[in-house]
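Here are some notes for a colleague who is opening this entry for the first time. Please read them with the sequence and the model side by side.

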Amino acid sequence: MDKTELKAALEQALDRGHLAVRVTPKASRNVVVVEDGQVRVYVTTVPESGKATKDVIKLLAKAMGRPKSALTLVRGTTSRDKVFRVDAD
């Protein structure tokens with residue numbers, strides 16, 4: 001999946017301005033994947049002190065072509081399942 005397809009898939013996965021994400025920390029590489037409408041983010045960072053969440057925000061923002069400040073964690077601070085609010089452009 002190239003960048004434009006990924007961006008379109010992420011925009012389709014938005015539900016009333018919210019994006020549900022499944023995070024896999026300590027992965028072998030940093031990547032954002034959309035499978036059957038489910039967004040999965042793999043990060044190499046360990047899940048301690050919010051480091052993995054910061055990397056997830058960074059990856060999602062880059063994939064969506066938005067600034068990091070456009071993404072706000074709504075639910076799932078310590079969970080693998082997270083929900084982000086995505087501010088409009």
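In which strand does T24 lie?

1. T24 is part of strand β1. The model is a predicted one, and the values below should be read with that in mind. At a relative accessibility of 17%, T24 counts as buried, because the cut-off for buried is under 20%. Setting aside residues up to four places away in sequence, T24 touches R40, V41, Y42, V43 and R80. Strand β3 covers residues 38-42.

2. Read from the N terminus, the order of elements is α-β-β-β-α-β-β. Helix α1 takes in residues 3-13 and helix α2 residues 51-64, while strand β1 runs over 18-24.

3. On overall dimensions, the chain has 89 residues, for which a compact globule would have a radius of gyration near 12 Å; the protein has 12 Å, so the two agree. Taken along the principal axes, the C-alpha atoms fill a box of roughly 30 × 25 × 20 Å.

4. Of the 89 residues, 36% are buried. Among contacts with a separation of 6 or more, 38% are between residues 24 or more positions apart.

5. The two helices deserve a look together. A helix pair of this kind is described by the angle between the axes and the distance between them. Here α1 and α2 pack at an angle of about 110°, and their axes are 8 Å apart. That angle makes α1 roughly perpendicular to α2, because the range for this label is 65 to 115 degrees. On the α1 side the contact is made by L6, K7, L10 and E11; on the α2 side, by L60, A63 and M64. By type, these residues divide into five nonpolar, no polar and two charged.

6. L14 sits in the loop between α1 and β1. Its relative accessible area is 23%, so L14 is partly exposed. Apart from neighbours within four places in sequence, L14 is in contact with L19, M64, R66 and V86. M64 also belongs to the α2 side of the helix contact. From C-alpha to C-alpha, L14 and R85 are 9.1 Å apart in space, although 71 residues separate them in sequence.

7. R16 is found in the loop between α1 and β1. Is R16 buried or exposed? With a relative accessible area of 75%, R16 is exposed. R16 and V86 are 70 residues apart in sequence and 9.1 Å apart in space, again from C-alpha to C-alpha. V86 was listed above as a contact of L14.

8. T45 lies in the loop between β3 and α2. Its relative accessible area is 14%, so T45 is buried. Which residues does T45 touch, not counting residues up to four places away in sequence? They are P25, K26, K51, A52 and D55. Helix α2 covers residues 51-64.

Terms used
Residues are numbered from 1 along each chain as its sequence is written. This is a predicted model: local features need pLDDT of at least 70, side-chain atom pairs count only at pLDDT 80 or more; totals for chains, interfaces and linings use all residues. Side-chain values use heavy atoms; hydrogens and water are left out. Axes are lines fitted to C-alpha atoms, for helices over the stretch in contact, and angles run from 0 to 180 degrees between N-to-C directions. Helices (H or I, at least four residues) and strands (E, at least two) are DSSP runs, numbered from the N terminus. Angles under 35 degrees count as roughly parallel, over 145 as roughly antiparallel, 65 to 115 as roughly perpendicular and the rest as oblique. Contact means heavy atoms within 4.5 Å. Ala, Val, Leu, Ile, Met, Phe, Trp, Tyr, Cys and Pro count as nonpolar, Asp, Glu, Lys and Arg as charged, and the others, Gly among them, as polar. The radius of gyration is taken over C-alpha atoms; the globule rule is 2.2 Å times the number of residues to the power 0.38. Buried means under 20% relative accessible area, exposed over 50%, partly exposed in between (1.4 Å probe, protein chains only).
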